Amino acid sequence: MNLSLKNLIVLSIALLALLLCPLFGAEIIPFNSLFSTSSMDYRIFWELRIPRWLLCIGVGGILSSLGGCYQNILRNPLAEPYVLGISSAVALVLVSLDLFTSIPPTSMIAVILAGIVGTLASIFLLAMSSSPIGIQVDRILLSGLGLNFVLSATLFLLLSYVNQQMGGGSLRWLFGNIPWPNLITSASVFSISVLLLVTLVLFSRQMDALTLGDSVARTLGFSPNLCRMTVLVLSSTMLAVTVALTGSIGFVGLVVPHVVRLIFRPDSTRSLLALSYLLGGVFLTLSDVLSRSILPPFEFPIGIITTLIGGPIFLAVLWRR
Amino acid sequence: MATINSFLSGCNVALSTDRRNPLHPTLINFKFPTRKTAALVGCNGTGKTTLIRAILGEPVLKSGVITFFENRTIHTLPQKEFPELVAYLPQEQPFLSHIAVRSFLELAFLPTMSVLGRLSSAQTDTISYYLHRWRLASLEKHLMGRISSGERQKIFLLRAFLQGAKCLVLDEPTNHLDPYGKSEFWALIEKLNHDDRIEILVTSHDLDHIQKHSQWVLALDKQGVAFEGSTRDFFDSNQSKKVFGLL
Amino acid sequence: MISTSPQVTELVFALGKGSDLVGTVMFSDYPAQAKAIPQIGPLFTPSIEKTLRAQADWVLMDSSLDQTQFMTNLSPHPIRTFSFELKTARGLFKEAERFLSAVYDSTDLPLIRNLERCFQASQTESLSGASFIILVSTSPFIAAGQSSFLSNLISQYGGRNLISADWKQDYPLLSEEWLLRNPPELIFYLAMGNESDGIQSLITRWWPKKTPRFISLPMDPFGRASLGAIAAIYPTVFSKPILKCYELKP
């Protein structure tokens with residue numbers, strides 16, 4: 001990647017913003033109170049804010065790097081992680097679970113079930129898009145869209161009939177919700193997200209080949225079908241887990257890769273994925289801080305903030321092109 | 001050691017896009033001699049691109065065998081042995097418009113790149129050398145989306161060449177070029193065949209250029225093979241006019 | 001009569017006029033007899049057709065639901081409507097009175113007077129300004145604002161909702177951090193099942209010396225504005241038996 005001065009400055013600003021985030025929230029924690037270990041500020045900083053901060057980085061990172069991946073694999077600049085309907089499938093299953101067994105969506109069982117649903121849904125989609133001559137990329141996108149429509153409609157139907165308290169209510173499925181996790185949960189999510197990034201980077205050469213078209217990718221010794229299948233199934237599992245924990249947070253996976261391309265002009269998929277992860281983490285963390293700082297103690301649903309910020313940014317990116 | 005006479009041959013080939021109905025009523029046989037640029041011609045719809053796809057190992061071969069250099073059968077070849085054998089320039093080549101020309105060319109070395117995507121200094125030098133030799137050095141830092149289509153087509157060709165394959169397959173590469181661009185491109189193809197000793201198969205409608213720059217012709221029509229032989233025979237015997245329905 | 005809200009259905013039954021109901025909406029499960037009444041549609045959009053077919057004299061509405069569409073559809077027809085405003089405990093009694101006099105022309109007020117007296121009597125105990133918060137869910141973190149029925153009910157006993165009155169929403173989204181910095185003395189949680197254990201242990205860990213008192217409010221009857229909630233709040237909060245004077249006529 002181009003290590004120009006401009007890029008370094010942008011990256012430094014982003015990292016600095018990221019590191020300062022935990023100081024902000026319903027109240028601003030002054031830096032010096034971090035040294036008095038018995039103060040309320042200290043406790044809030046380490047027990048509440050840092051875990052939430054880690055979770056935001058992990059989730060924002062996954063959504064953005066997956067967005068970059070999907071845009072590559074599905075050959076469509078409008079692709080983003082939720083476009084294939086995985087999030088709707090997970091939401092539907094978890095709301096039904098809560099409805100019939102009163103198991104809340106954030107419990108361990110629900111999260112594991114979500115992972116399984118995600119994997120199965122992606123396999124189903126791939127099966128629907130396969131033909132004798134291999135997997136047809138356009139069909140993946142179309143099947144996913146169709147699946148998304150049907151599942152979302154069913155989900156909304158269910159949500160409108162069901163008691164508002166059920167499944168955390170419609171709010172978290174429509175706009176996402178960042179919980180206050182404990183350190184173990186957020187550290188796990190963060191570590192797994194980094195693992196996923198590393199895995200995707202291992203596939204980045206194959207995705208580079210895909211940019212040349214499937215036929216040429218084959219002559220370069222790669223298997224486009226295998227690459228797509230593996231990336232889709234792996235990413236769907238992780239995506240399903242994030243949806244179980246945070247609901248669907250829109251725009252992050254769509255906007256961040258485009259902004260990365262505009263600012264950094266990465267010359268390889270590897271750089272695109274890594275930068276998307278970083279900027280995505282920053283974006284979600286900043287949005288989360290904003291959601292809690294605008295009108296404390298009120299907390300805006302995270303999806304609203306990301307859409308309000310992401311929407312205009314997306315339009316700006318389009319306009320610049 | 002027996003000398004190899006043909007770089008690409010097909011024996012009793014039947015093509016099919018749906019795995020059931022063959023494209024042509026007769027079987028296709030061909031044998032492209034080494035050291036001769038081969039041209040694949042025929043009206044639209046006669047199966048040229050399908051034959052190309054079969055040559056590249058895609059599952060459009062209903063029956064028959066396609067062999068490279070008389071001993072490498074394409075359909076039993078493991079995927080990772082492709083890069084050294086055949087490079088491809090498709091009719092519509094997708095590309096990322098926001099990356100620099102040099103970064104695009106580096107993709108030619110993908111088969112040998114490590115996960116970290118580092119090129120060896122030899123590979124970097126090779127890119128510089130050929131950019132210079134093909135007189136494209138000025139384009140090095142330009143974005144792929146900002147160069148003219150003629151220049152871009154040459155970059156695509158350079159990418160395919162840098163792959164280091166023994167054969168180059170080009171599907172209607174001069175379709176969108178102006179007459180000057182066409183001449184330049186065909187001159188490049190000839191140079192590749194002569195000086196760099198790459199075996200070449202081109203599909204094209206540029207009859208003038210085919211006559212000037214190729215030495216072997218395989219012509220297809222709706223029945224199957226309409227003609228196979230030297231370019232001179234093709235154009236001398238009016239076969240060319242017959243194939244294109246001009247007679 | 002037709003009722004377009006489960007709360008209203010329950011109130012009508014409590015006032016002894018349940019037998020006059022010819023139609024209710026979905027989820028009208030209280031009291032048990034209400035389940036037998038034919039349903040004329042889902043919660044927010046009862047079927048106009050079924051409403052008219054039932055040939056009721058009155059349609060009972062609930063101001064806490066958004067029924068503007070239904071009202072617009074109903075207006076050309078010559079059917080009378082009565083809208084209940086069940087926002088506060090005292091308001092509930094007043095609305096009951098207003099209902100009985102409008103629909104039944106009756107001054108059968110002793111029942112209501114008894115209930116009001118009972119309510120008054122239960123206010124011997126007071127929370128003395130203790131701060132409280134009512135949690136409706138933890139993920140997202142939602143509390144009941146001052147404009148909600150439950151909040152008003154508990155305030156009647158001297159409690160003070162930590163969510164200030166400027167919050168116009170009935171159920172605002174909260175930041176857990178704020179709650180941990182300003183823990184109330186009482187935390188009510190409404191039917192949260194297993195999630196409540198999480199929040200309880202979190203707060204107990206944070207405030208081992210000043211742990212708030214946790215009080216569970218089961219969905220039945222506290223999930224809606226009803227006489228049942230009014231009757232049950234006193235025994236729930238003060239751990240006393242339910243007052244005999246609340247025994248309602250079937």
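This is a predicted model: local features need pLDDT of at least 70, side-chain atom pairs count only at pLDDT 80 or more; totals for chains, interfaces and linings use all residues.
Residues are numbered from 1 along each chain as its sequence is written, and chains are lettered from A and ligands numbered from 1 in the order in which they are written.

Of the 2 pairs of chains in contact, chains A and B share the most contacts. Their contact takes 27 residues from chain B and 21 residues from chain A. On the side of chain B that touches chain A, strand 6 (residues 86-89) of chain B gives the most, with 3 residues. Helices (H or I, at least four residues) and strands (E, at least two) are DSSP runs, numbered from the N terminus. By class, this side of chain B has 18 nonpolar, 7 polar and 2 charged residues. Here Ala, Val, Leu, Ile, Met, Phe, Trp, Tyr, Cys and Pro count as nonpolar, Asp, Glu, Lys and Arg as charged, and the others, Gly among them, as polar.

Chain C also meets chain A: 18 residues of chain C are in contact with 22 residues of chain A. Strand 4 (131-138) and helix 7 (176-181) of chain C are the elements that give two or more residues to the side of chain C that touches chain A. Helix 7 of chain C supplies the largest share of that side, 5 residues. The side of chain C that touches chain A is made up of 9 nonpolar, 5 polar and 4 charged residues.

Attention now turns to the helices of chain A. Two packed helices are described by the angle between their axes and the distance between the axes. Axes are lines fitted to C-alpha atoms, for helices over the stretch in contact, and angles run from 0 to 180 degrees between N-to-C directions. Helix 11 (residues 252-264) of chain A and helix 13 (residues 302-320) of chain A pack at an angle of about 40°, with their axes 9 Å apart. That angle makes helix 11 of chain A oblique to helix 13 of chain A, given that angles under 35 degrees count as roughly parallel, over 145 as roughly antiparallel, 65 to 115 as roughly perpendicular and the rest as oblique. The crossing of helix 11 of chain A with helix 13 of chain A is left-handed; a crossing is left-handed if the near helix is turned anticlockwise from the far one by less than a right angle, and right-handed if clockwise. Residues making this contact include Val255(A) and Leu262(A) of helix 11 of chain A and Ile313(A) and Phe314(A) of helix 13 of chain A. The residues of the contact divide into 8 nonpolar, 3 polar and 1 charged.

Helix 4 (residues 108-128) of chain A and helix 10 (residues 224-246) of chain A pack at about 145°, with their axes 7 Å apart, and they pass in a right-handed crossing. Among the residues that meet are Ala114(A) and Gly118(A) in helix 4 of chain A and Ala240(A) and Ala244(A) in helix 10 of chain A. This contact has 16 nonpolar, 6 polar and no charged residues. The axes of helix 2 (residues 40-73) of chain A and helix 12 (residues 269-293) of chain A come within 6 Å and cross at roughly 140°. Helix 2 of chain A and helix 12 of chain A are therefore oblique to each other. Their contact has 12 nonpolar, 12 polar and 1 charged residues.

The largest nonpolar core has 158 residues, and those with the most contacts inside it include Ala114(A), Ala244(A) and Cys167(B). A nonpolar core is a set of buried Ala, Val, Leu, Ile, Met, Phe, Trp, Tyr and Cys residues joined through C-beta atoms within 7 Å. Apart from it lies another core, of 61 residues, among them Ile40(C) and Leu153(C).

Two loop residues of chain B complete the picture. Arg35(B), in the loop between strand 2 (28-33) and strand 3 (38-41) of chain B, has a positive phi of about 65° although it is not a glycine. Arg35(B) counts as exposed because it has 12 C-beta neighbours inside 10 Å; a residue is buried if 20 or more other C-beta atoms lie within 10 Å of its own, exposed if 12 or fewer, and partly exposed in between. Arg197(B) likewise has a positive phi, of about 60°, and counts as exposed with 10 C-beta neighbours inside 10 Å.

Technical notes:
Two residues are in contact if their C-beta atoms, placed from the backbone, lie within 7 Å.
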